Amino acid sequence: MSGGLSVSIARRAEAFSLDVTFEAGSGVTGIIGPSGAGKTMTLEAIAGLARPESGRIALGDDIFIDTTRRIFTAPERRRIGYVFQEARLFPHLSVAENLDYGARRRGSETGMSRVEVIDLLGLDALLDRRPHRLSGGEAQRVAIGRALLAAPRLLLMDEPLSSLDIRRRREIMPFLEALHRRLDLPILFVSHNIDEIVRLADRVLVLHGGRVAATGDVAAVLNRLDVQALILGEDGSGADPATIIEARIARHDEAHHLTELDVGGATLALSQLPLPVGSKLRIRLHARDIALATERPTALSIQNVIEAKIVELKPAGPAQIDVALAVGSSDAAITLFARITNRAAERLALAPGRQVWALIKSVALASDFGDSGRTA
Amino acid sequence: MIDAWLTPGEMQALWLSLKTGVVGTAISLPPGIAIAWVLARRNFVGKLALDGLVHMPLVLPPVVTGYLLLILFGHRGPLGHFFETYLGFTLAFNWKGAALASAVMGFPLLVRAIRLAFESVDPKLEAAARTLGAGPMDVFVSITLPLVTPGLIAGTLLGFARALGEFGATITFVANIPGETQTLPIALYSALQVPEGEIHALRFVILSILLAVGALAASEFFARAQQRRIRGAA
């Protein structure tokens with residue numbers, strides 16, 4: 001019945017021009033890019049809150065806008081759920097009334113029931129409250145529920161976490177993941193935070209300067225150094241490259257409360273995760289969390305030591321250097337980065353082709369529990 | 001109860017002031033809301049001109065406004081003629097004309113206050129309502145209007161307070177007819193024309209001050225309620 005979303009729009013403004021073409025199917029498509037990349041403008045055009053000068057936006061057979069055929073569907077008839085950066089709850093209505101606002105206007109459209117939404121987002125205790133009595137995280141959950149109850153065919157989320165502090169973010173993340181598993185409609189999730197995208201998205205679209213810079217599988221796209229530079233800023237100042245890896249839980253070491261991950265043939269141990277053996281998860285390894293040794297270290301508190309081969313050395317500022325490493329069997333090699341000082345690179349005489357050991361100090365988790373796991 | 005304190009003449013002037021004030025404010029409310037909304041939310045050619053026109057009665061000498069009303073709505077005025085032939089009522093030299101004069105004079109204050117209330121409503125809320133399936137009219141009724149209600153009342157009361165004190169345009173347009181167009185300020189003016197009328201005048205002064213302060217205080221109360229409303233605390 002409903003097909004995917006297809007977008008091809010252009011808009012020329014004095015300060016900023018937008019020219020974006022992409023398709024999105026069911027599942028979460030992450031849209032990432034620095035501020036001013038055109039992320040919000042793209043979402044507003046899809047929702048009908050802003051009009052592109054030219055182009056076409058369609059969801060399946062429904063054309064929302066086609067400037068060549070002079071078609072424009074009003075936002076209220078597009079049935080697109082929009083969760084904004086700020087919750088935008090109606091201040092004169094209670095939480096229950098906010099939830100019912102869209103529900104009462106969805107007509108005969110079927111979608112999630114009120115009970116389901118309240119249960120999924122944990123809103124039961126909030127129903128009688130007024131929006132100004134909610135915390136940022138609670139307000140954002142209500143806003144998500146309100147959007148879902150309008151029976152949308154597409155869900156747009158514009159940095160729903162960015163106005164929240166880290167604690168609230170952690171509180172709302174599991175709800176977003178549950179949402180992802182529960183819904184089969186396409187979701188566009190905008191963020192400028194790589195971790196959020198890694199955690200939630202199936203595919204990613206990188207916007208930069210109003211253009212699509214890259215699109216595709218999350219790990220494949222976000223592991224590209226040019227993409228990381230685009231997202232983190234041109235010079236990558238202060239930010240280090242990171243590698244996203246799809247890992248599998250190999251076994252649990254109950255005695256030491258550790259979980260061992262299989263990472264392309266190598267093993268990484270970290271504090272025990274409440275997941276069964278065999279489950280897959282994404283992890284992220286930051287260059288600044290990896291140290292190098294030219295001989296296998298023997299007496300060391302860091303237990304995650306992986307054999308690797310130097311692929312390339314790239315200067316990162318005046319004092320530091322990023323070392324690209326190939327890990328695992330040659331047919332399924334993973335590229336990791338280690339950020340070390342120039343002096344260390346000189347003294348160890350690092351050069352492409354050399355065999356080294358990568359010492360991994362910590363692993364960022366992109367899954368259901370907590371934002372990062374300490375390595376053993 | 002009030003009649004124990006006031007003379008029949010004073011009662012008559014008070015009653016007339018309230019009647020012209022209420023009717024004048026009531027007829028200016030619908031166009032006032034529309035113009036306030038347009039000024040707050042729309043950009044168009046001539047917006048500045050409309051804004052200027054709305055503010056005219058505030059800066060023009062009231063005699064000029066009264067005289068213009070007389071030219072337009074008098075017996076031989078184009079609009080006065082229209083009202084007389086097609087709607088069957090005249091405005092010149094009766095309380096209806098006084099109501100019109102007070103409406104015109106109170107209009108700028110009414111529009112300003114209501115416009116302020118509209119501007120305090122975040123258009124992002126209205127955009128959110130559109131994505132939830134509400135059309136423009138639905139959004140106005142279900143979101144915008146409830147959010148501006150306190151500001152609407154504040155503006156109405158402010159316009160009403162101004163209408164109560166209306167003198168110049170009224171006396172020019174509908175003259176000074178006891179029981180018909182002699183509102184409180186005009187009655188006060190008449191009292192001053194009579195020798196030994198100071199005591200009378202003083203009573204009108206006190207009455208006027210009480211009314212004005214009451215309306216102003218109520219208006220301010222609702223203006224504050226508007227701010228609480230926007231924050232969601234009311």
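A cavity here is a set of grid points where a 1.4 Å probe fits but cannot get out, and its lining residues have an atom within 4 Å of a point. The views below show a predicted model.

**Figure 1. The largest cavity and its lining in chain A**. Val28(A), Met157(A), Leu176(A), Leu179(A), His180(A), Ile187(A), Phe189(A) and Leu200(A) line this space. Two elements of chain A, helix 5 (166-182) and strand 9 (186-191), each supply two or more of the lining residues. Helix 5 of chain A gives the most, with three. The structure holds one cavity of 30 Å³ or more.

**Figure 2. Residue classes around the largest cavity**. Seven lining residues are nonpolar and one is polar. No charged residue takes part in the lining.

**Figure 3. A positive phi at His257(A)**. Most residues other than glycine have a negative phi. His257(A) is not a glycine, yet its phi is near 55°. The residue sits in the loop between strand 12 (242-253) and strand 13 (258-263) of chain A. His257(A) has a relative accessible area of 54%, so it counts as exposed, the cut-off being over 50%.

**Figure 4. A positive phi at Ala175(B)**. Ala175(B), also not a glycine, has a phi of about 65°. Its place is the loop between helix 8 (168-174) and helix 9 (184-193) of chain B. Ala175(B) is partly exposed, because its relative accessible area is 24%; buried would need a value under 20%.

Technical notes:
Residues numbered from 1 in each chain as written. Chains lettered and ligands numbered in written order. Predicted model: local features only at pLDDT ≥ 70, side-chain atom pairs only at ≥ 80, totals over all residues. Heavy atoms only, no water. 1 Å grid on protein atoms, 1.4 Å probe; cavity = no way out; pocket = protein on both sides within 12 Å on 5 of 7 lines; lining within 4 Å. Points joined across faces, edges and corners; volume = space filled by probe spheres on them. Helix = DSSP H or I, 4+ residues; strand = E, 2+ residues; numbered from the N terminus. Nonpolar A, V, L, I, M, F, W, Y, C, P; charged D, E, K, R; others polar. Buried < 20%, exposed > 50% of the residue type's maximum accessible area, 1.4 Å probe, protein only.
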